[in-house]
Amino acid sequence: RNFMDIFLKTASALNDETRIKILKFINIYGKCCVCDLENSFEMIQSRLSRHLKILKEAGFLRLEREGRWAYYSVRTPLDEFRLACIKEIMTLQIDLPPLKKACESKE
């Protein structure tokens, strides 16, 4: 893939208010289970998964599977462009939902 494709994918991933909120949320709380994100954002899994997939493909998030759980975290190390995007997002005054844990109670 060429750099233009990667740049456009990264830029278009940020063209959505929900994805900006998800990215800021994960950056604040660290590694989050999909069910915790579902609970916190009160979003159906299919819609949430689509947003997470877009952010992952844009190079912002990484996915780790532990048993039947899927966890997302901000990828490290990030290149300067993505790092600058996240720094900018962290300055935005956005109302984020509180972290509502779901996974632990299911185990």
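Which residues of α4 are buried? In this predicted model, local features need pLDDT of at least 70 and side-chain atom pairs count only at pLDDT 80 or more, while totals for chains, interfaces and linings use all residues. Residues are numbered from 1 along each chain as its sequence is written, and side-chain values use heavy atoms, with hydrogens and water left out.

The buried residues of α4 are Leu-48, His-51, Leu-52 and Leu-55; buried means under 20% relative accessible area, exposed over 50%, and partly exposed in between, with a 1.4 Å probe and protein chains only. They lie on the same side of α4 because they cover an arc of only 95 degrees around the axis, the arc being that of the directions from the helix axis to the C-beta atoms. Their cover includes α1 (3-13), α2, α3, β2 (61-66) and β3. Helices (H or I, at least four residues) and strands (E, at least two) are DSSP runs, numbered from the N terminus. After α4 comes Gly-59, with a positive phi near 90 degrees.

Leu-52 is also among the residues with the most contacts inside the largest nonpolar core, together with Leu-23, Ile-26, Leu-37, Phe-60 and Leu-61; this core has 25 residues. A nonpolar core is a set of buried Ala, Val, Leu, Ile, Met, Phe, Trp, Tyr and Cys residues joined through side-chain atoms within 4.5 Å. Two or more residues each come from α2 (17-29), α3 (34-41), α4 (45-57), β3 (69-74) and α5 (80-91), and α2 gives the largest share, 5 residues. A second, separate core of 6 residues includes Cys-33, Cys-35, Trp-69 and Tyr-71.

Helix α2 also holds Phe-25 and Tyr-29, 4 residues apart, about one turn of the helix. Phe-25 counts as buried at 0% relative accessibility, whereas Tyr-29, at 39%, counts as partly exposed. The rings of Phe-25 and Phe-41 are 5.0 Å apart at their centres with planes at 65 degrees, so this pair is edge-to-face. Rings of Phe, Tyr and Trp (its six-membered ring) pair if their centres lie within 6.5 Å; planes under 30 degrees apart count as stacked, over 60 as edge-to-face and the rest as tilted. Because Phe-25 lies in helix α2 and Phe-41 in helix α3, the pair ties together parts 16 residues apart in sequence. Phe-25, Tyr-29 and Phe-41 form one aromatic cluster.

Methods
Contact = heavy atoms within 4.5 Å.
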